[in-house]
Amino acid sequence: MKGNCTVILAAGDGVRMKSSKPKVLAEVLFKPMIDWVIDCALDCGFDESDICVVTGHGRELLNGHLPSGVQTVVQEERLGTGHAVMRAQPFIEANSYSNVLVLNGDSPMVDGETLKLAFEYHMRSGNAATVISANVENPTGYGRIKRNSDGIFEKIVEEKDADENEKNITEVNSGAYWFGCRALLVALDKLKTDAKYRLNAAKEYYLTDAVEILKSMGQRAATFNSKNSDAVLGANDRLQLMRLNEKARMRVLEAHMKNGVSVPFADGVIIGPDVVIGADTEILPGTTIKGKTVIGRGCVVGSNSCIESCVIGDEAVITSSHCSEAEISAGAAVGPFARIRPGTKIDSGARIGNFVEVKNSSIGEGTKISHLSYIGDSDIGTGVNIGSGCATVNYSGKEKFRTVIEDGAFIGCDTSLVAPVKVGENAYTAAGSTITEDVPANSLAVARERQVNKKDWVKSKKPYRK
Ligand code: UD1
Ligand code: CA
């Protein structure tokens with residue numbers, strides 16, 4: 001897409017969303033709508049530096065969110081989509097771009113493929129404007145594509161301005177367009193000055209009118225009908241957002257199933273758009289997978305698991321557990337009811353059992369932490385066995401310290417390991433010990449009171465019984 005650019009309209013407020021955040025930051029499948037749109041432009045072949053986002057409402061929040069290479073311009077007053085594009089005029093001119101792709105920041109379902117096909121058509125036909133349209137069941141709220149009796153595209157009629165006949169038109173404007181830059185700038189100028197278009201009934205400059213202006217100037221403007229009818233779907237309010245989520249959810253699930261991922265029951269299975277899953281992996285109900293998670297082949301994930309930004313190897317099993325920003329290697333088993341927190345790396349064949357929390361730790365190959373333990377800031381070797389109810393005491397109230405447990409060590413039930421501390425290779429700790437000093441390799445550490453049995457104490461005292 002060298003020599004061309006994208007302008008993304010994202011200055012609108014969230015009034016219909018009833019949100020303090022800019023609308024384009026509302027999330028579809030855990031991903032802000034603006035990110036979908038930017039990814040789509042990147043998919044279409046644009047570099048970040050050739051993308052300009054028009055910001056306005058809540059722009060501090062938005063600026064903090066956008067990728068660093070993307071340009072921004074500010075639209076101080078919200079005077080409509082045409083006015084928003086006018087703000088990007090210096091960006092378009094400074095770089096002498098030939099064609100500009102205009103995208104709505106609140107229409108996340110457009111796809112790079114459609115945009116590329118529309119561009120080919122735009123160039124082949126020598127169009128000044130190509131409007132990407134689609135046919136939808138319910139056109140309410142969208143601009144309608146009006147054609148003459150010969151089926152030739154005439155103009156876009158907004159919902160507000162549409163008469164009863166026009167309201168019945170089901171071909172609608174997606175809000176994505178290709179324009180020749182020079183033609184667009186001339187049309188925007190007319191939009192500003194021509195009395196017919198100047199701040200129309202809605203007190204807005206409509207970008208859609210620029211298309212009609214170009215036609216009236218004898219330039220070629222046509223529509224490109226998208227095969228993907230979802231491409232037009234936008235979200236102005238939370239009900240539409242929910243519907244978009246549902247559409248996007250099924251679209252993502254279907255794509256995974258086509259790739260050999262098994263989702264036997266889709267109930268409550270929500271997978272983010274950037275998740276990669278290998279064939280023969282099974283995702284069970286109530287499971288949420290988000291971020292840039294990568295899951296290998298032949299795994300079982302769920303039911304009721306939450307996975308965020310994890311890398312999971314082949315044939316791992318994650319049952320009813322929460323895992324975030326962690327690496328779980330092939331054949332490892334996690335759960336049920338485990339919590340794996342950021343910075344954790346679990347090697348192959350390791351087992352993390354029920355009610356175990358692991359944070360910022362490495363767990364060696366084949367190591368077992370089967371029940372009710374907390375492991376934080378620790379480096380645990382291979383083949384280690386950690387008994388039930390153990391805790392690393394990693395926090396002094398001021399600082400965090402690491403615990404090291406070397407290969408083959410055996411940590412008895414209910415051991416507290418007060419960090420910084422090291423348990424050497426093949427060493428044991430006795431159950432109930434509070435380990436404050438390093439344990440040498442092959443040793444047994446007993447750090448508890450010796451048991452005293454007081455003979456016939458009960459008979460003589462009968463403390464609580466009659
Ligand atoms: C717009 C189109 C409509 C199309 C629909 C597709 C116009 C006049 N109408 O309607 O034909 O079917 O999109 O979704 O263009 N924005 C700004 N500054 C503004 C106003 C809007 O940046 O002053 C941004 C918004 O943040 C949003 C996008 O432009 O991302 C579209 O604006 P919105 O008000 O949602 O337009 P629609 O009514 O949906
Ligand atoms: Ca919209």
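Trainee: Which residue in E26 is the bridge partner of Ala333?

Mentor: Strands of a sheet pair through backbone hydrogen bonds, and the pairing is either parallel or antiparallel. In this predicted model, Ala333 has Arg351 of E26 as its bridge partner. Strands (E, at least two residues) and helices (H or I, at least four residues) are DSSP runs numbered from the N terminus.

Trainee: How are residues and chains labelled, and what are the limits on the values?

Mentor: Residues are numbered from 1 along each chain as its sequence is written, while chains are lettered from A and ligands numbered from 1 in the order in which they are written. As the model is predicted, local features need pLDDT of at least 70 and side-chain atom pairs count only at pLDDT 80 or more, whereas totals for chains, interfaces and linings use all residues; side-chain values use heavy atoms, with hydrogens and water left out.

Trainee: How many bridges join E23 to strand E26?

Mentor: Two strands pair if DSSP finds at least two bridges between them. E23 and strand E26 (residues 351-354) run parallel and are joined by 2 bridges. On E26 there is also a parallel pairing with strand E29 (residues 368-371), over 3 bridges. There, Ile352 has Ile369 in E29 as its bridge partner. E20 and E23 pair in the parallel sense over 2 bridges, and Ile318 has Val334 in E23 as its bridge partner.

Trainee: What is the order of the open sheet of 10 strands?

Mentor: The order is E14-E17-E20-E23-E26-E29-E32-E35-E38-E40, with parallel pairing. Strand E14 (282-283) and strand E40 (444-445) are the edge strands, each pairing on one side only.

Trainee: What is the order of the open sheet that 9 strands form?

Mentor: That sheet runs E13-E16-E19-E22-E25-E28-E31-E34-E37, and its pairing is parallel. Its edge strands are strand E13 (276-277) and strand E37 (421-423), each of which pairs on one side only. Strand E34 (residues 403-405) pairs with E37 in the parallel sense over 3 bridges, with Val404 opposite Lys422 in E37.

Trainee: Where does Pro420 lie?

Mentor: Pro420 is in the loop between strand E36 (416-418) and E37. A cis peptide bond joins Ala419 to Pro420, with omega about 0 degrees. Another cis peptide bond joins Gly335 and Pro336, also with omega about 0 degrees. Pro336 lies in the loop between strand E23 (333-334) and strand E24 (339-340). A further loop, between strand E20 (317-318) and strand E21 (322-324), holds Ser320. Ser320 has a positive phi of about 40 degrees although it is not a glycine.

Trainee: Which domains does the domain assignment of the protein chain give?

Mentor: Domain bounds come from an automatic or database domain assignment. Here the assignment gives domain 1 (4-232) and domain 2 (254-445). Their centres, taken over C-alpha atoms, are separated by 47 Å. In contact (heavy atoms within 4.5 Å) are 5 residues of domain 1 and 8 residues of domain 2.

Trainee: How much area do domain 1 and domain 2 bury between them?

Mentor: Buried area is the accessible area (1.4 Å probe) that two parts lose on being put together, summed over both. For domain 1 and domain 2 the value is about 470 Å², 77% of it on carbon and sulfur atoms. Leu29, Phe30 and Lys31 supply 88% of the area that domain 1 buries against domain 2, more than any other three residues.

Trainee: How many residues line the largest pocket?

Mentor: A pocket is an open set of points on a 1 Å grid over the protein atoms alone, where a 1.4 Å probe fits, with protein on both sides within 12 Å along at least five of seven lines; lining residues have an atom within 4 Å of a point. The largest pocket is lined by 42 residues, and Arg16, Lys23, Thr81, Asp106 and Asn236 lie nearest its centre. E10 gives the largest share of this lining, 4 residues. Strand E1 (5-10), helix H3 (81-87), strand E10 (171-180) and helix H8 (207-216) each supply at least two residues of the lining.
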